[in-house]
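Please read this briefing alongside the sequence and the three-dimensional view.

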Amino acid sequence: MNSKLSVCFIFLASFCFSQQDSQEKKRYTLDANQFYGTILRHNPDVTHLINSHPGGLLLSLNRKTYGLEAWEQRYNYPDLGYSFIYQEFNNETLGQNYGLYAHYNFYFLKRNIQFRIGQGIAYNTNPYDKEENFRNNAFGSDFLSSTYLMLNLHKENILKGLGLKAGITVIHYSNANVKAPNTSTNTFAFNAGVVYDLDGRKEISYIASEKEKIKEPLKLNLAFRTGINESDVINSGQYPFYIFSAYADKRLGTLSALQLGTDVFLSNFLKEQIKYQSIAFPERNIEASTDYKRVGIFVGHELFINKMSVISQLGYYVYYPYDFEGRVYNRMGMKRYFGDKVYGVLSLKSHGAKAEAVEFGIGIRL
């Protein structure tokens, strides 16, 4: 499990810097933020953990872009970077988290508003233990996948390379049901900090060129995803799953495409859960021979950023012999293209806010 989360971080971090031209002029900034907030009650099962206000420190290294590549111009010259988060939950049950992330900064309103999205892995110092820490039903493992969002007022170079920023931050931690328990946490916090220009406030001109146009016919995609996960029954065991997908997509321009397709799910943890339910709860009238396979249809959207893209999909099970978390499912993830056809994909499949699995996959766009 830990190696898979490490691969997740390396895979995402490579998105940020793999496509930068060595001839591009570079400028870097550092920022440091302190945050303080509360754990959101996204699930009634975490109520007993919301008894204090968490705080922490967020440190970041940011690299400016100036439009050498077309995608940088389309997204208003974002920053690429790495960040570190230390979070103190001020709660003995939850302990502390240490996280490493790759992130993007996007700018609005004459670059005075900054929106950041970061993805990475975090280490928790006090995960669930059936004897020593049975109250921690949020984190079932030492290593967690983590996402954070920031929306800040942002002003650089106010005085001798120093600037200020302040706003709100949301930090999510979860192992995506790789190991139970996994109710996860979402922290809502206020942050404030400073920004320092490492390059002496030197000015670099932004490049603006004529916007490119993309017209494509419908494309067929074939994808295979896999990973391991566990049911909500603690210590029920981790099992592999396999997902086969076929879908069509249609580019709407340089930024996005629409998708329509189908998924076939072979989730071995469900096979074991069906056996367990048939024996432990005979009053539910579940047969041990009930089929564990599921088939879904979905619609989706793909947002293109350089050689990577962000996918969001909403699906419905049309073949659903065993009831698990409802017929509607959703998927969020990232794709990394290697050439025009082949891509790697990392995604999170869930039912509403209830995660089912982190999916690692490959695909081809024909």
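This is a predicted model: local features need pLDDT of at least 70, side-chain atom pairs count only at pLDDT 80 or more; totals for chains, interfaces and linings use all residues.

Residues are numbered from 1 along each chain as its sequence is written, and side-chain values use heavy atoms, with hydrogens and water left out. Helices (H or I, at least four residues) and strands (E, at least two) are DSSP runs, numbered from the N terminus. Buried means under 20% relative accessible area, exposed means over 50%, and partly exposed lies in between (1.4 Å probe, protein chains only). Contact, or touching, means heavy atoms within 4.5 Å.

**Backbone**

- The peptide bond that leads from Ala 180 to Pro 181 is cis, with omega near -5°, and Pro 181 sits in the loop between β7 (162-174) and β8 (185-197).
- The loop between β7 and β8 also holds Asn 177, whose phi is near 65°, a positive value in a residue other than glycine.
- Asn 177 is buried, at a relative accessible area of 2%.
- Asn 76 belongs to the loop between α2 (70-74) and β3 (79-88); its phi, near 60°, is likewise a positive value in a residue other than glycine, and with a relative accessible area of 30% Asn 76 is partly exposed.

**Nonpolar cores**

- A nonpolar core is a set of buried Ala, Val, Leu, Ile, Met, Phe, Trp, Tyr and Cys residues joined through side-chain atoms within 4.5 Å.
- The largest nonpolar core has 18 residues, of which Ile 85, Leu 94, Phe 139, Tyr 148, Ile 171 and Tyr 173 touch the most other members.
- At least two residues of this core come from each of β1 (28-39), β6 (143-159) and β7, and the largest share, 3 residues, is supplied by β6.
- A second, separate core of 16 residues includes Phe 241, Ile 243, Tyr 329 and Tyr 343.

**The second largest pocket**

- On a 1 Å grid over the protein atoms alone, a pocket is an open set of points with protein on both sides within 12 Å along at least five of seven lines, where a 1.4 Å probe fits, and lining residues have an atom within 4 Å of a point.
- About 470 Å³ of space lies in the second largest pocket, where grid points are joined across faces, edges and corners and the volume is the space filled by probe spheres set on the points.
- Of the 18 residues that line this pocket, Arg 251, Phe 304, Asn 306, Lys 307 and Asp 340 lie nearest its centre, and α2 gives the most to the lining, with 3 residues.
- The lining has 6 nonpolar, 3 polar and 9 charged residues, where Ala, Val, Leu, Ile, Met, Phe, Trp, Tyr, Cys and Pro count as nonpolar, Asp, Glu, Lys and Arg as charged, and the others, Gly among them, as polar.

**Helix α3**

- Helix α3 (residues 268-280) has 13 residues and reaches 18 Å from its first C-alpha to its last, close to the 18 Å expected at 1.5 Å a residue; the expected span is 1.5 Å times one less than the number of residues.
- Buried residues of α3 include Phe 269, Leu 270, Gln 273 and Ile 274, and what covers the buried residues includes β9 (219-229), β10 (239-251), β11 (256-267), β12 (294-305) and β16 (354-365).

- Ile 311, in strand β13 (residues 308-319), counts as buried at 1% relative accessibility, and its contacts beyond four places in sequence include Arg 225, His 301, Met 332 and Val 345.
- Tyr 107, in strand β4 (residues 96-108), is buried at a relative accessible area of 3%; leaving aside neighbours within four places in sequence, its contacts include Asn 76, Ile 113 and His 154.
- The C-alpha atoms of Tyr 107 and His 154 are separated by 9.1 Å, although the two residues are 47 apart along the chain.
- Arg 74, in helix α2, is partly exposed with a relative accessible area of 28%, and it touches Glu 212, Thr 254 and Leu 255, not counting residues up to four places away in sequence.
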